[in-house]
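Good morning, everyone. Please look at the screen, and I will walk you through a few places in this model.

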Amino acid sequence: MELFAVPDVPEIREGDDLAALIRDRVDLRPDDVVCVASTVVSKAEGRAADLVDFPAGPRAREVAARLSEISGDEKDPRFAQAVLEESTEVIMDAPFLLTETRFGHVGVNAGIDRSNVPDHDLLLLPKRPSESAERIRAEVPADRVLVTDTCGRPFRHGQRGVAIGWAGMAPARDWRGEGDRDGRELGVTVENVADELAAAANLVAGEGDDGTPVVVVRDFEWGDHGESDAHFRDVDGDLIRQAVRGWSFDG
């Protein structure tokens, strides 16, 4: 398997044709996986915003005041309002905002970015990343597209790449029913291939001002395995979320 960054992708503006920009810069193959950073998808889809667009309501002012008290730094209630509006559930409101986005992704601050947004204050995640991936896939000569983002993980330091949208492939490879080396049948193993490819792409893409927003994965083979559409864990089976819901920050 080979991964390489698509060179010379310009600063993306609202209305830009991402698929055309990718096509013009790389000779894609049908079995390639095109990994596109959510930042450029959001910019092309007009998801840049300003704090003035989010006048703070009572809940946002309450959240911002609590976070300011905890951190010792002034928190803008308009940012809290943006997070609330982009979320279907606030799972944790201190010492930071952990929320579920409207498309099912759980992350800090609803994934809202405050860096690399020329002329604006905020960059919101795409509204429906899998639909964004499908639109790109329809216009490039590759069969599979991932929309990626970076986020932290419980129990570990640091950020890693994850998939928040996908098209042309299932997000997970299902090993259940297959045997291990000793012939024992696997009963629970579902491998999240979309996240693994996104993490690999993030290594190539880089971060900060050295980052490149599009990476191609070439010669990845799915193998003779089943598929699973499971990606975002169902709330009823998410024991960690249920535990966090009942926890309060006392620091």
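Let's start with the "binding site" that UniProt lists in an unreviewed entry: T150 and E207. UniProt positions are given here in the numbering used in this talk, with feature names shortened, and such annotations may be inferred rather than shown by experiment. The two are spread over 58 residues of sequence, yet they cluster in space, with a largest C-alpha distance of 9.6 Å.

A word on the source. This is a predicted model: local features need pLDDT of at least 70, side-chain atom pairs count only at pLDDT 80 or more, and totals for chains, interfaces and linings use all residues. Residues are numbered from 1 along each chain as its sequence is written, and side-chain values use heavy atoms, leaving out hydrogens and water.

Where does T150 lie? T150 is in strand 8. Helices (H or I, at least four residues) and strands (E, at least two) are DSSP runs, numbered from the N terminus. E207 lies in the loop between helix 6 and strand 12.

Now accessibility. Buried means under 20% relative accessible area, exposed over 50%, and partly exposed in between, with a 1.4 Å probe and protein chains only. T150 counts as partly exposed because its relative accessibility is 28%. E207, at 47%, is also partly exposed.

Next, contacts, meaning heavy atoms within 4.5 Å. Leaving aside neighbours within four places in sequence, T150 touches Q159, R160, G161, N202 and E207. On that basis, E207 is in contact with T150 and N202.

Strand 8 takes us to strand 2. Two strands pair if DSSP finds at least two bridges between them. Strand 2 and strand 8 run parallel, joined by five bridges. Strand 2 and strand 12 run antiparallel, with four bridges. Take V33: it stands opposite R144 in strand 8, and its bridge partner in strand 12 is V217.

Is strand 2 covered on one face or both? Both: V33, C35 and A37 are buried on one side, V34 and V36 on the other.

Last stop: S68, in helix 3. Is S68 buried or exposed? Buried, because its relative accessible area is 13%. Its side chain has a polar atom 2.8 Å from the backbone nitrogen of K75. A polar atom of that side chain also lies 3.4 Å from the backbone oxygen of D73. Not counting residues up to four places away in sequence, S68 touches D73, E74 and K75.

Technical notes
A polar contact is a pair of N or O atoms within 3.5 Å; within protein, one must be able to donate a hydrogen and the other to accept it, and residues adjacent in sequence count only if both atoms are side-chain atoms.
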